[in-house]
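Subject: Handover of a structure model

Dear colleague,

Please find the structure below, together with its sequence.

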Amino acid sequence: MVLFSPRLVKIALSNVNVKDEGGYFCQLYTDDTHHQVATLTVQVPPAEPTVEVKEQAVEGGEVELTCIVPRSKPPASVRWYRERREIVDFVTQDARSEVLNETIQCKLQDPAQSILLKDC
């Protein structure tokens, strides 16, 4: 929607999405041309994460857990927990600027009840 008055030009965007991001220019036409730029950034809240297990875990072996966070802008920060305790050093945030489907993988190995984390 565009609204005009002698001293005001106003636009209103509805159903905003990432494609609407970018520079918007307001330009005054007189003998000298003047303009101002407004930069629109659209945030996208992350969708509910899902976890995939690639194969059945076997004692003494490895299992790969994948946490998938669909849609997120700015990028989601993903953390792994085990028994309500955070697995430290595995906080991940993707710095890409586009809306993303973030996939974080972690391989866990549990020989004789001691947890060894690797490839995260």
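**Hairpins and overall fold**

A hairpin joins β3 to β4 through 3 residues. Strands here are DSSP runs of E with at least two residues, and helices are runs of H or I with at least four residues, numbered from the N terminus. Strand β3 covers residues 22-29 and strand β4 residues 33-40; the two run antiparallel and are joined by 8 bridges. Two strands are taken to pair if DSSP finds at least two bridges between them. Within this pairing, Tyr29 has Thr33 of β4 as its bridge partner.

Please note that this is a predicted model: local features need pLDDT of at least 70, side-chain atom pairs count only at pLDDT 80 or more, and totals for chains, interfaces and linings use all residues. Residues are numbered from 1 along each chain as its sequence is written, and side-chain values use heavy atoms, with hydrogens and water left out.

A hairpin also joins β1 to β2, through 2 residues. Strand β1 (residues 2-5) runs antiparallel to β2, with 4 bridges between them; Phe4 has Val9 as its bridge partner in β2. For the chain as a whole, the secondary structure comes to 0 helices and 12 strands. Of its 120 residues, 19% count as buried, where buried means under 20% relative accessible area, exposed over 50%, and partly exposed in between (1.4 Å probe, protein chains only).

**The largest pocket**

Rolling a probe the size of a water molecule over the atoms shows where empty space is left. The search used a 1 Å grid over the protein atoms alone: a pocket is an open set of points where a 1.4 Å probe fits, with protein on both sides within 12 Å along at least five of seven lines, and lining residues have an atom within 4 Å of a point. The largest pocket holds about 330 Å³ of space, the volume being the space filled by probe spheres set on the points, which are joined across faces, edges and corners. The elements that give two or more residues to its lining are β2 (8-11), β3 and β4. Among the lining residues are Val9, Ile11, Tyr24, Phe25, Cys26, His34 and His35.

By class, the lining has 8 nonpolar, 4 polar and no charged residues. In this count Ala, Val, Leu, Ile, Met, Phe, Trp, Tyr, Cys and Pro are nonpolar, Asp, Glu, Lys and Arg are charged, and the others, Gly among them, are polar.

Tyr24, one of the lining residues, lies in strand β3 and is partly exposed at 27% relative accessibility. Tyr24 and Thr39 are 15 residues apart in sequence, with 6.2 Å between their C-alpha atoms.

**The nonpolar core and the cysteines**

The largest nonpolar core has 7 residues: Leu65, Cys67, Val69, Ala76, Val78, Trp80 and Ile87. Its largest share, 3 residues, comes from strand β6 (residues 62-69). Such a core is a set of buried Ala, Val, Leu, Ile, Met, Phe, Trp, Tyr and Cys residues joined through side-chain atoms within 4.5 Å.

Glu64 also has its place in strand β6 and is buried, with a relative accessible area of 14%. Its C-alpha atom is 6.0 Å from that of Lys54, which is 10 residues away along the chain.

Is Cys67 buried or exposed? At 9% relative accessibility, Cys67 is buried, whereas Cys26 is exposed at 51%. The count of disulfides (pairs of cysteine sulfur atoms within 2.5 Å) comes to 0.

**Backbone points to inspect**

Which residues does the cis peptide bond join? It joins Lys73 and Pro74, with omega at about 5°. Pro74 lies in the loop between β6 and β7 (77-78).

Arg71 is found in the loop between β6 and β7. Arg71 has a positive phi of about 55° although it is not a glycine, and it is partly exposed, with a relative accessible area of 41%.

Asn15, in the loop between β2 and β3, likewise has a positive phi, near 50°, in a residue other than glycine. Asn15 is exposed, with a relative accessible area of 72%.

Yours sincerely
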